[in-house]
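Colleague: I am new to reading protein structures. Could we go through this one together, feature by feature?

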Amino acid sequence: DNPAGGDGFAKIREAQWQATRLIPNTGVAVAIDIGDVVPLHARNKQDVGARLARLALARDYGKPLVPGSPLYTGCTVEGGSIRVAFDHVGAGLMIAEKKGLAPVREIPGGVIQWVSVAGADKAWHWAEAAIEGGTLVVSSPEVPAPVTVRYAFTARPTGPLLYNKDGFPVAPFRTDDW
């Protein structure tokens with residue numbers, strides 16, 4: 001219920017990603033879509049293993065594959081919205097869900113959840129987001145001049161999530177350091 005997020009595992013996930021930038025030959029497989037709400041730890045080790053294997057095949061063995069989850073690379077403010085860019089987009093982004101061992105299933109016309117924006121006042125509000133090519137355009141009527149955006153920056157985002165068309169969930173991120 002908190003658009004600012006930052007609770008529970010959000011900051012731990014963020015620290016894990018920061019560690020991969022500092023420690024050579026490390027990587028992370030995003031698994032926010034396959035963990036159980038209680039307990040949070042994923043019982044589905046098959047998909048975790050497949051995601052880690054794909055990362056290794058692409059990065060360490062040079063296979064021409066999308067290595068995994070789209071990762072935030074930057075954003076630009078465009079009037080009353082923010083355009084968010086990612087790497088590892090592959091054939092594009094989609095709204096989808098994953099249930100158990102079943103493949104990721106696209107939800108045509110689905111709503112992107114867990115997106116929030118803030119202006120210079122640092123007050124967070126839930127936002128609307130639209131996929132445009134390999135980017136995400138985010139806005140909120142409550143924030144006419146947005147400066148930062150967060151996605152899935154919470155302990156356990158549930159429901160349909162944002163994925164690339166290769167079936168990897170977008171990694172939770174924030175563009176601020178507040």
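Colleague: Let me begin with Trp 126: is this residue buried, partly exposed or exposed?

Modeller: Keep in mind that this is a predicted model. The general idea is a scale: under 20% relative accessible area is buried, over 50% is exposed, and partly exposed lies in between. Trp 126 has a relative accessibility of 37%, so this residue counts as partly exposed.

Colleague: And how do I describe two aromatic rings that pair?

Modeller: A pair of aromatic rings is described by the distance of the centres and the angle of the planes. Searching the whole structure gives five aromatic pairs. In one of them, Trp 114 and Trp 126, the ring centres are 6.1 Å apart and the planes stand at 80 degrees, so we call the pair edge-to-face. Trp 114 sits in the loop between β4 and β5 (115-118), while Trp 126 belongs to strand β6, so the pair ties together parts 12 residues apart in sequence.

Colleague: What kind of pair do the rings of Tyr 151 and Phe 173 make?

Modeller: Their centres are 6.1 Å apart and their planes lie at 35 degrees, so this pair is tilted. Tyr 151 is in strand β9 and Phe 173 in strand β11, so the pair ties together parts that are 22 residues apart in sequence. Both Tyr 151 and Phe 173 are buried. They also belong to one aromatic cluster together with Tyr 72 and Phe 86.

Colleague: How are the strands β9 and β11 joined?

Modeller: Strand β9 (residues 148-151) and β11 run antiparallel and are joined by two bridges. Across this pairing, Tyr 151 stands opposite Phe 173. Both strands are part of an open sheet of four strands, in the order β6-β5-β9-β11, with antiparallel pairing. Its edge strands are β6 (124-126) and β11 (173-174), each pairing on one side only.

Colleague: What is the strand order in the open sheet that contains β1?

Modeller: That open sheet has four strands in the order β1-β2-β8-β7, paired antiparallel. At the edges stand β1 and β7 (128-132), each with a single partner strand, so one side of each has no neighbour in the sheet. On average, neighbouring strands of this sheet are turned by 25 degrees against each other, ignoring direction.

Colleague: Can you show me the pairings inside this sheet?

Modeller: Five bridges link strand β2 (residues 81-87) and strand β8 (residues 135-139) in the antiparallel sense, with Ser 81 opposite Ser 139. β7 and β8 also pair antiparallel over five bridges, and there Ala 130 faces Val 137. β7 and β8 form a hairpin with two residues between them, and Gly 133 in the turn has a positive phi of about 65 degrees.

Colleague: How many residues of strand β3 are buried?

Modeller: Five of the five residues of β3 (residues 93-97) are buried, so this strand is largely enclosed by the rest of the structure. On one side are Leu 93, Ile 95 and Glu 97, on the other Met 94 and Ala 96, and both faces are covered. Four bridges join β3 to the antiparallel strand β10 (residues 161-164), where Met 94 stands opposite Tyr 163. β3 also pairs antiparallel with strand β4 (residues 105-106) over two bridges, and Arg 105 is the bridge partner of Glu 97.

Colleague: Finally, which residues make the nonpolar surface patch of about 300 Å²?

Modeller: Leu 57, Tyr 61 and Leu 65 make that patch. Leu 65 lies in the loop between α2 (45-59) and β1 (71-78). With a relative accessible area of 34%, Leu 65 is partly exposed.

Conventions:
Residues are numbered from 1 along each chain as its sequence is written. This is a predicted model: local features need pLDDT of at least 70, side-chain atom pairs count only at pLDDT 80 or more; totals for chains, interfaces and linings use all residues. Side-chain values use heavy atoms; hydrogens and water are left out. Buried means under 20% relative accessible area, exposed over 50%, partly exposed in between (1.4 Å probe, protein chains only). Two strands pair if DSSP finds at least two bridges between them. Patches are made of residues with over 30% relative accessible area and no salt bridge: like charges are joined within 9 Å, nonpolar side chains (Val, Leu, Ile, Met, Phe, Trp, Tyr) within 5 Å. Accessible areas come from the Shrake-Rupley method with a 1.4 Å probe; for residues, only the protein chains shown count as cover. A salt bridge is a side-chain nitrogen of Lys or Arg within 4 Å of a carboxyl oxygen of Asp or Glu. Axes are lines fitted to C-alpha atoms, for helices over the stretch in contact, and angles run from 0 to 180 degrees between N-to-C directions. Rings of Phe, Tyr and Trp (its six-membered ring) pair if their centres lie within 6.5 Å; planes under 30 degrees apart count as stacked, over 60 as edge-to-face and the rest as tilted.
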